[in-house]
Amino acid sequence: MLVDAHSHVDRYDLLGKGVLASALKEITQHRIFTISNSMDLPSYRRNLAIGEMCDLVVPIFGVHPWNAPHYARHLEELSEAIKQSPMIGEIGLDYHFVKDVKQYPQQRRVFEFFLAAAEQQGKIVILHTKGAEEAVLELLKHYDVSRAIVHWYSGPLDIFRELIAKGLYFTVGVEVFYSEHIQMIAREIPLGKLLTETDNPGGPKEFLGRPGMPILVSDVIQGLAEVRKTSVEAIVQAVHANLLHLFRDVPKLPEAYERILEEQSDGANQHIQSSA
């Protein structure tokens, strides 16, 4: 089973008729466990519906920092969705793409609301840190969020190493083919904290010249194997094991996670039988 730990499956709706169906077909055909992050409440509702269409898509709720200003004065609207969601994402700060500094306090207010909820509910969070890496690190020091995934980290190496020291997980995506800085980060992520992502469909467009489709994760795995000088199989196995470890004792476990455990158990039993 492949793992796409950061995608936005609901965004395929924006690409025209039939694109979402094609994406779900790829996810099913290639058995890609896909964590579909939300941008806001409408995005989460759509992700929930998509999760009903494909049992390998796990919808999770978050408010992207780009959308934070809309909710900064209405945080109570977010509480029920946070409780419902098995994980929280995508949340964080963005001081790079967002140029209006007046939005930064609003981003921080929403981000801290999610961090406090994650601390209270013991939930995994998926973090957006672009241009605000140091600010995110400082906030993480104030909240007891023991399990977090840093999505597509591309910031300073000193902050990166502090995040590693905190035991966070990191996703690597398609930029591993194009950036020496990302390649350095991909080599330095501890193997036990490494996850794969696509940020589909919009994230890879800058590099591919087109929206990304789910099977892109297999290219990411190949790129990681080359950069880390190991095999594709070693990356797949490590990412699978890391996902299982990350999901330990998570409240409201996704049904797909239970199937991963069953698949792992079945595979082990088949190996034992073939070796007997």
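A residue counts as buried when its relative accessible area is under 20%, as exposed when that area is over 50%, and as partly exposed in between. Please keep in mind that this is a predicted model.

## Aromatic pairs

Let us begin with the rings. The structure holds 12 aromatic pairs. In one of them, the ring centres of Y44 and F61 are 5.2 Å apart, and the planes meet at 45°, so this pair is tilted. The two residues come from distant parts of the chain, 17 residues apart: Y44 sits in helix α2 (residues 41-53), while F61 belongs to the loop between β3 (57-59) and α3 (68-71). Are these two residues buried or exposed? Both Y44 and F61 are buried. They also share one aromatic cluster with F113 and F114.

Another pair is made by Y178 and F207, with ring centres 5.2 Å apart. Here the planes are at 25°, so the pair is stacked. Y178 is in the loop between β7 (169-172) and α8 (180-188), and F207 is in helix α9 (residues 205-208), so the pair ties together parts that are 29 residues apart in sequence. With a relative accessible area of 47%, Y178 is partly exposed.

## The open sheet

Next come the strands. Five of them form an open sheet, in the order β4-β5-β6-β7-β8, and their pairing is parallel. Which strands stand at the edges? They are β4 (88-92) and β8 (194-196); each has a single partner strand, so one side of each is left without a neighbour in the sheet. On average, neighbouring strands in this sheet are turned by 30° against each other, direction ignored.

The parallel strands β7 and β8 are joined by 3 bridges. F170 stands opposite L194 in β8.

## The largest pocket

Now for the empty space. Rolling a probe the size of a water molecule over the atoms shows where such space is left. The largest pocket has a volume of about 670 Å³. It is lined by 27 residues, and the closest to its centre are W66, W152, D199, G202 and G203.

Which element gives the most to this lining? That is α9, with 3 residues. By type, the lining residues of the largest pocket divide into 10 nonpolar, 10 polar and 7 charged.

## Backbone features to look for

Most residues other than glycine have a negative phi, and most peptide bonds are trans. The peptide bond from G89 to E90 is cis, with omega near 10°, and E90 has its place in strand β4. The bond from N200 to P201 is cis as well, with omega near -5°; P201 is in the loop between β8 and α9.

R31 is not a glycine, yet its phi is about 50°. You will find R31 in the loop between α1 (19-29) and β2 (32-36), and its relative accessibility of 36% makes it partly exposed. K229, also a residue other than glycine, has a phi near 55°. K229 is in the loop between α10 (216-228) and α11 (232-246), and this residue is exposed, with a relative accessible area of 76%.

Methods:
Residues are numbered from 1 along each chain as its sequence is written. This is a predicted model: local features need pLDDT of at least 70, side-chain atom pairs count only at pLDDT 80 or more; totals for chains, interfaces and linings use all residues. Side-chain values use heavy atoms; hydrogens and water are left out. Rings of Phe, Tyr and Trp (its six-membered ring) pair if their centres lie within 6.5 Å; planes under 30 degrees apart count as stacked, over 60 as edge-to-face and the rest as tilted. Helices (H or I, at least four residues) and strands (E, at least two) are DSSP runs, numbered from the N terminus. Buried means under 20% relative accessible area, exposed over 50%, partly exposed in between (1.4 Å probe, protein chains only). On a 1 Å grid over the protein atoms alone, a cavity is a set of points where a 1.4 Å probe fits but cannot get out, and a pocket is an open set with protein on both sides within 12 Å along at least five of seven lines; lining residues have an atom within 4 Å of a point. Grid points are joined across faces, edges and corners, and a volume is the space filled by probe spheres set on the points. Ala, Val, Leu, Ile, Met, Phe, Trp, Tyr, Cys and Pro count as nonpolar, Asp, Glu, Lys and Arg as charged, and the others, Gly among them, as polar. Two strands pair if DSSP finds at least two bridges between them. Axes are lines fitted to C-alpha atoms, for helices over the stretch in contact, and angles run from 0 to 180 degrees between N-to-C directions.
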